[in-house]
Amino acid sequence: MSNKIHIYCKYLFVSGLASTVISCSNTRFLKEGQMLYTEAKVKIENDTISKKEKKDLQAALEANLTPKPNSTFLGMRPKLYFYNIAKEPKKDKGFNYWLKYKIGEKPVLLGDVDREFNKDIIVNYSENKGYFNAKASYDTVSKNKKAQVIYTVRPGSRYLIDGVKFQKDSTLVNQEIQGLAGKTFLKNGRPFDLDVIKAERDRIDNGLKERGFYYFHPDNIIVQADSTVSKNHKVELNVKLKDNTPDLATQQFGIDKVIVFPNYNIQDVKDGKYSIPMDKDSLSKYAFDDIYVIDPQHKFKPKIFDRALYFKKGDLYNRSNHNLTLNRLISLGVFKFVKNEFVVSDSLSHKFDAYYLLTPRQIQSLRLEALGRTNSANYAGSELNLNWTHRNFFRGAEQFKAAIYGAFDFQMGGAQNANNIFRAGTNVQLSIPRIVAPFRFHSSSEFVPRTNITLGYEFQNRTQYYTLNNFTGSFGYLWKENARKEHELKVIDITLVSPANVTDEYRRISATNPAMGRIVDKQLIFGPTYSFTYTNTMLPKTNTVYYKGTLDLAGNITGLATGADVKKDKQKNIFGIPFSQYVKIENDFRFYHKFTEKSSLATRFIGGIAYPYGNSEFIPFSKQFFSGGSNSIRAFRARTLGPGSFDPRTIDPSIYFDQSGDIKLELNAEYRANLYKFLNAAVFVDAGNIWLLHDDKDRPGAKFSKDFLNEIAVGAGVGLRLDFSILILRLDLAMPLRVPYYQKGDRWAFDKINFGDSNWRKDNLVLNIAIGYPF
């Protein structure tokens, strides 16, 4: 007992010493007469306002005071201490510079505080929030070379709105403002608030911009406050146009001509090839419906602009169509810069010409990629990709992409030639910037909807085991409601797997493990797929989310038409090939919480199920779920986890076999922090597994049951991320904390952790090297 007390007291002594060194000793670095500025407080003396109002006002006033004292951590100022102990660097680099100016923080002194300025801020802010006739004073309290400033404010009673009037006269602009008055932010009984008044001016401006008042500005509106007409601390507001409002701001403009330069560049303007405004007599030869496309070389079909532009001759100008047009031109993907200008063409009739100046991106690009990689089961290999992109394939902003690739993987650490893998293939995609369908599809989104057509072929050879020929094709649509919601519907998504050269050795293995035999089954998979994505992660918010839900229906209509039922009759075929029939649903939900600008928490949940029926007894191998790897549960190698409590150690280690399942549950959590510029760190925990829907005698424990929680695998680790803006290189080191194929009651692995044992490290520490974040 005495030893424990002694150690505890010693810890307190050391801890107290550290606190003294870091916090109190900062003052010894001050020069004679200097005081360390430690705090600013605001006291409010007013008994007529509620506690909540007082608390809110106090927090707002303190947030507006400048400068801010040095940052603290548990009552200490470590950043200030690092600044003080670091030597003054001779150059703007090196360890001393990094410690003093990057890690450290310059002391904030009392002499840096303009107390009169802060007093004026307090008075002005209080009055802007309706506390008229506010008065403020301040006192400075100092001790031991430390100083704090206490501001006292007497705000008086808060004034409330008692009546809102909008100027009435016969001018068009005032009539339009009257029409907007019904949705005013200025409500009777609400406190006077300058920020709300500014928002009201912006609201009126936005409303007028939608009604053709292109040159209007919020500063053209004035809101006068009159506190003399009412008693009991109330104020009447009068919303009106300023007397010096320019004439242009009061005029309602319409569209005369719409003129597009799809191959615009500033050098042509300098060379005198064209000018803005353009001579009207030279426009006639470029006319297309109600627009003029200045494209002498005919690089673009005029029809694409007819679909993208939301202004037509005779339309009234409005800001929504203005922004919508610019965004749709950008989303075509063929223009690098999009700019527009409005030039008054007829001041008497209040019309202008709309010019769109479009600078194309590089129409064609060719890219060669060489990749090196490692895989599960000690595989290493490389991949070579040649990609060609044409962004205006049929002169209608169609994007055509073609790729040829080759890859090989070989097993290290032994002569396992039978396990070497070679892949080669090609794929093409045509993306058309409109919906190609027998029906009319109207979209008012700022994003252009697309029709996507893909074709692909891959040759896969697992040496001395088998050869697979994979053919893929799809036809479908991609459209976005807005920046947050995206839909993708593949009307038809086809996969044909045709095996060849299956060796006797692999047939022998398949006889003992039917799941491996299904890899080389001849398969025909076709049907629609639909996915919906919602995200607001691009917004500057503390909490953001991402969700993607996918529905995959294979062979459902064909199964009904043919009466397919594998349990009652033999499988139905198309062109001699059994077709797959199943329903697959997958959900991916992510939540992000930002603690500070340099630290955040990222979490993810994945839940999915695939159910075979009708013509299929099993889900096709390529459509099953997998777990483990650099983007999943990182403490287990890719595709080696599960299903359920099945022990993969019972499989012949010379055989490379991916574990697959019909059900997947996964939960990930990761704390991310920036260490220095491009260097980021992470601490993470992953949990989950996959399961089968039905019993498999060759994989005991694989079936999903009510005991599934006891079969959850858990892993944890730390990571480094090198963020080079265009590339994020990720290194995650993970270890298993819970192994589902251990004996019940012995699945938690905390008591087995032994970093000093090389064999333990070899079997349990998994290094994942990847590009980008896992989620």
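## Basis of the model

Helices (H or I, at least four residues) and strands (E, at least two) are DSSP runs, numbered from the N terminus. The structure is a predicted model, in which local features need pLDDT of at least 70 and side-chain atom pairs count only at pLDDT 80 or more, while totals for chains, interfaces and linings use all residues. Residues are numbered from 1 along each chain as its sequence is written, and side-chain values use heavy atoms, with hydrogens and water left out.

## Cis peptide bonds

Pro643 is located in the loop between β24 and β25. The peptide bond leading from Gly642 to Pro643 is cis, with omega near -5°. A cis bond also joins Thr66 to Pro67, with omega near -10°. Pro67 belongs to the loop between α2 (51–64) and α3 (78–85).

Two strands are taken to pair if DSSP finds at least two bridges between them. Strand β7 (residues 254–261) runs parallel to β11 and is joined to it by 6 bridges. Within β11, Ala354 stands opposite Val258.

Strand β10 (residues 335–346) runs antiparallel to β11, with 10 bridges between the two. Lys351 in β11 is the bridge partner of Asp346. The hairpin of β10 and β11 has 4 residues between the strands, and His350 takes a positive phi near 55° there. In a regular strand the side chains alternate between the two faces of the sheet.

## Positive phi in other loops

His233 is not a glycine, yet has a positive phi of about 60°. This residue lies in the loop between β5 (221–226) and β6 (234–241). With a relative accessible area of 38%, His233 is partly exposed.

Asp289 likewise has a positive phi, of about 50°, although it is not a glycine. Its place is the loop between β8 (287–288) and β9 (291–293). Asp289 counts as exposed, because its relative accessibility is 61%.

## Salt bridges

A salt bridge is a side-chain nitrogen of Lys or Arg within 4 Å of a carboxyl oxygen of Asp or Glu. By this rule the count comes to 36 salt bridges. Side chains of opposite charge can pair when their charged atoms come close.

In helix α7 (residues 194–209), Arg203 and Glu200 are 3 residues apart, so about one helical turn separates them. They form a salt bridge whose closest N and O atoms are 2.9 Å apart, and both Arg203 and Glu200 are buried. Glu666 and Lys664 are also both buried, and their side chains meet in a salt bridge at 3.6 Å, N to O. Asp306 and Lys312 are joined by a salt bridge at 3.9 Å, N to O. Asp306 is partly exposed, with a relative accessible area of 22%, and Lys312 is partly exposed, at 23%. A network of salt bridges links Arg634, Glu670, Arg672, Asp686, Arg721, Arg730 and Asp732.

## Surface patches

Patches are made of residues with over 30% relative accessible area and no salt bridge; like charges are joined within 9 Å, and nonpolar side chains (Val, Leu, Ile, Met, Phe, Trp, Tyr) within 5 Å. Accessible areas come from the Shrake-Rupley method with a 1.4 Å probe, and for residues only the protein chains shown count as cover. Lys and Arg count as positive and Asp and Glu as negative, whereas His and the chain ends are not counted. The place of a charge is taken as NZ of Lys, CZ of Arg, CG of Asp or CD of Glu.

Lys301, Lys303, Arg395, Arg434 and Arg440 form a positive surface patch. Arg440 sits in the loop between β15 (421–432) and β16 (450–462) and is exposed, with a relative accessible area of 78%. A nonpolar surface patch of about 980 Å² has Phe595, Tyr671 and Leu720 among its residues. Strands β25 (663–676), β27 (713–723), β28 (728–738) and β29 (766–771) each supply at least two residues of the nonpolar patch, and β25 gives the most, with 3 residues. Leu720 lies in strand β27 and counts as partly exposed, at 41% relative accessibility.

Note on methods. Buried < 20%, exposed > 50% of the residue type's maximum accessible area, 1.4 Å probe, protein only.
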